[in-house]
Structures are given as C-alpha cells and as structure tokens.
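Here's a walk through one fold, taken piece by piece. Keep the sequence and the 3D view open as we go.

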Amino acid sequence: MALPLLWLGSAAMGALLLADEREKRQQLERDRLLGKAPRQTTGSQAMVVAPSQWQKGFKQVSPQPGSIVCCYVFGVIEHTGIWLADDCLVELHGSGLIRAVSVKRFLAGRTGSQIYIACNHQHQPLIACDMVSRAERAIYQYREYDLFDNNCHRFVWSCLCGEEVAIKSFNELNQKLAGYFKQGIYWDEMRLTPEITDR
C-alpha cells in the first residue's frame with residue numbers, strides 16, 4: 001500500500017516541477033517579446049534557452065546564411081550544422097564526410113522533428129562574417145570522425161572562427177559560442193515552411 005502512494009507522490013512532485021519550469025520558460029519568452037530578456041547568462045551557464053522538444057517557444061525564427069543550427073539525436077545528444085540558404089545546410093556526417101544536405105536529410109535518422117537556431121535575446125541568429133565561406137569550402141572534404149574529439153561541434157566551431165579544437169559536447173560548444181559572441185545563447189525553433197518540409 002505504501003509503495004503506490006510513494007509513486008503517486010513522486011508523480012505529483014514531478015508534475016509540479018515540470019509546471020514550474022514551463023511557467024519560467026513562458027515568462028522568459030514574454031520578456032523576450034517585450035525586449036526585457038537578459039543578454040548575458042548568470043554564472044557559468046552559457047545557454048539561456050536550451051533546445052527543447054517539450055517546451056515550445058512563442059516565436060519561430062527564419063534561418064539566415066551562416067546560422068548555427070542543431071537537432072536532437074535520439075533525444076539525448078544534439079547534432080549541429082550551418083545553414084547556407086534555401087533548404088541547404090552543411091554538416092559533418094558520422095562517416096567523416098562534410099556534406100550539404102536538405103532539412104529533411106539533416107533530420108533523417110534522428111529523433112527530432114525540429115531544428116533550432118542559435119540566437120541572441122532578440123530572436124536574431126548569431127552569425128560570423130566568414131562562416132558561410134568556410135563551410136562552403138569544406139564541403140566534400142573528409143575528417144577522421146570521432147564522437148569526442150572530431151565531431152560536428154568541432155566542425156561548426158572551425159567554420160565560425162577558423163580554429164581547430166576538440167569540443168566534446170554540445171554544452172562545451174555553447175560555452176565557446178557565448179564567449180565568442182559575448183552573450184548568452186538562446187536556441188529558438190526554426191520556422192519550417194511548407195516549401196522546405198515538402199522537398
């Protein structure tokens with residue numbers, strides 16, 4: 001009898017915590033719409049808003065050439081790439097091939113159905129001036145792919161600043177992005193138009 005009551009109590013606590021997190025996220029989104037959201041993060045946290053399939057934002061963002069994008073891989077880790085234009089992204093595939101792919105191909109074989117864009121507190125994509133040209137020059141090249149030392153995050157970072165450093169995780173990439181752009185990172189949902197999703 002006591003065990004089902006514990007489960008019920010745990011479920012109720014979990015629901016309350018989720019509701020509290022959802023309310024915080026909604027308040028932050030309202031603040032962003034009003035122009036009152038923080039530009040910087042507090043402490044060592046680089047992401048102000050992480051990509052989330054459970055807590056949708058109020059606003060979707062259109063990608064710009066050079067936008068840093070990500071999607072989920074089996075709901076656990078994130079895969080990153082760079083938006084070029086017109087339903088074309090550049091990614092480092094697990095085979096080691098750097099390739100240009102469509103949105104549909106970028107999401108294929110991954111659990112996410114949504115792409116997110118690294119933005120500032122005003123829903124503007126964070127872009128560096130040489131990012132597109134570096135990404136375009138890298139297409140069809142091979143890298144010795146390694147999940148921790150030579151992964152998609154390292155590729156994105158190298159296109160951003162031309163520097164080759166091992167980036168072990170999505171969180172570490174966000175730390176570097178926050179330092180580079182000198183502000184916290186907001187991962188906003190990308191606006192997927194019918195022309196893009198139907199291809």
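A residue counts as buried under 20% relative accessible area, as exposed over 50%, and as partly exposed in between. Asp149 sits at 35%, so it falls into the partly exposed class. One caution before we start: what you're looking at is a predicted model.

Let's begin with the sheet. Seven strands make it up, and it is an open sheet with mixed pairing, ordered S1-S7-S6-S2-S3-S4-S5. The edges belong to strand S1 (47–49) and strand S5 (98–101); each has a single partner strand, so one side of each has no neighbour in the sheet. On average, neighbouring strands are turned by 35° against each other, direction ignored. To find the spot on screen, look for Val49, whose bridge partner in S7 is Tyr186.

Now bring in helix H5 (residues 170–181). H5 lies across S1, strand S2 (68–73), strand S3 (77–83) and S7, and runs at about 115° to S7. Within H5, click on Asn174. Is Asn174 buried or exposed? With 0% relative accessibility, Asn174 counts as buried. Leaving aside neighbours within four places in sequence, Asn174 is in contact with Ala46, Met47, Ile185 and Trp187.

Gln114 is found in the loop between helix H2 (103–107) and strand S6 (116–119), and its relative accessible area is 10%, so Gln114 is buried. What does the side chain of Gln114 reach? The answer is the backbone oxygen of Met190, at 2.8 Å. Beyond four places in sequence, the contacts of Gln114 are Cys70, Cys71, Leu107, Glu189, Met190 and Leu192.

Next up is helix H4 (152–161). Nine of its 10 residues are buried, so H4 is largely enclosed by the rest of the structure. Among the buried ones are His153, Phe155, Trp157 and Leu160. What do the buried residues of H4 pack against? They pack against S2, S3, strand S4 (89–92), S5, H3 and H5. The N-terminal end of H4 is capped by Asn151, with a side-chain oxygen 3.1 Å from the backbone nitrogen of His153. After H4 comes Gly162, with a positive phi near 75°.

A disulfide is a covalent bond between the sulfur atoms of two cysteines. The count of disulfides in this model comes to zero. Cys159, for one, is in no disulfide: the nearest cysteine sulfur belongs to Cys161 and is 9.5 Å away, whereas the cut-off for a disulfide is within 2.5 Å. Cys159 has 2% relative accessibility, so it counts as buried.

That leaves the charges. Side chains of opposite charge can pair when their charged atoms come close. The structure holds five salt bridges, and here are some of them. Arg134 pairs with Asp130, the closest N and O atoms being 3.9 Å apart. Arg134 is partly exposed at 23%, as is Asp130 at 36%.

Back to Asp149, as promised. Asp149 forms a salt bridge with Lys168, with the closest N and O atoms 3.1 Å apart. This pair links distant parts of the chain, 19 residues apart: Asp149 lies in the loop between helix H3 (131–138) and H4, and Lys168 in the loop between H4 and H5. Lys168 is partly exposed too, with a relative accessible area of 45%.

Arg154 forms a salt bridge with Glu164, its closest N and O atoms being 2.8 Å apart. Arg154 is in H4, while Glu164 is in the loop between H4 and H5, 10 residues away. Which of these two is buried and which is partly exposed? Arg154 is buried, at 18%, and Glu164 is partly exposed, at 41%. Shared partners then join Arg143, Arg154 and Glu164 into one salt-bridge network.

Notes:
Residues are numbered from 1 along each chain as its sequence is written. This is a predicted model: local features need pLDDT of at least 70, side-chain atom pairs count only at pLDDT 80 or more; totals for chains, interfaces and linings use all residues. Side-chain values use heavy atoms; hydrogens and water are left out. Buried means under 20% relative accessible area, exposed over 50%, partly exposed in between (1.4 Å probe, protein chains only). Two strands pair if DSSP finds at least two bridges between them. Helices (H or I, at least four residues) and strands (E, at least two) are DSSP runs, numbered from the N terminus. Axes are lines fitted to C-alpha atoms, for helices over the stretch in contact, and angles run from 0 to 180 degrees between N-to-C directions. Contact means heavy atoms within 4.5 Å. A polar contact is a pair of N or O atoms within 3.5 Å; within protein, one must be able to donate a hydrogen and the other to accept it, and residues adjacent in sequence count only if both atoms are side-chain atoms. A salt bridge is a side-chain nitrogen of Lys or Arg within 4 Å of a carboxyl oxygen of Asp or Glu.
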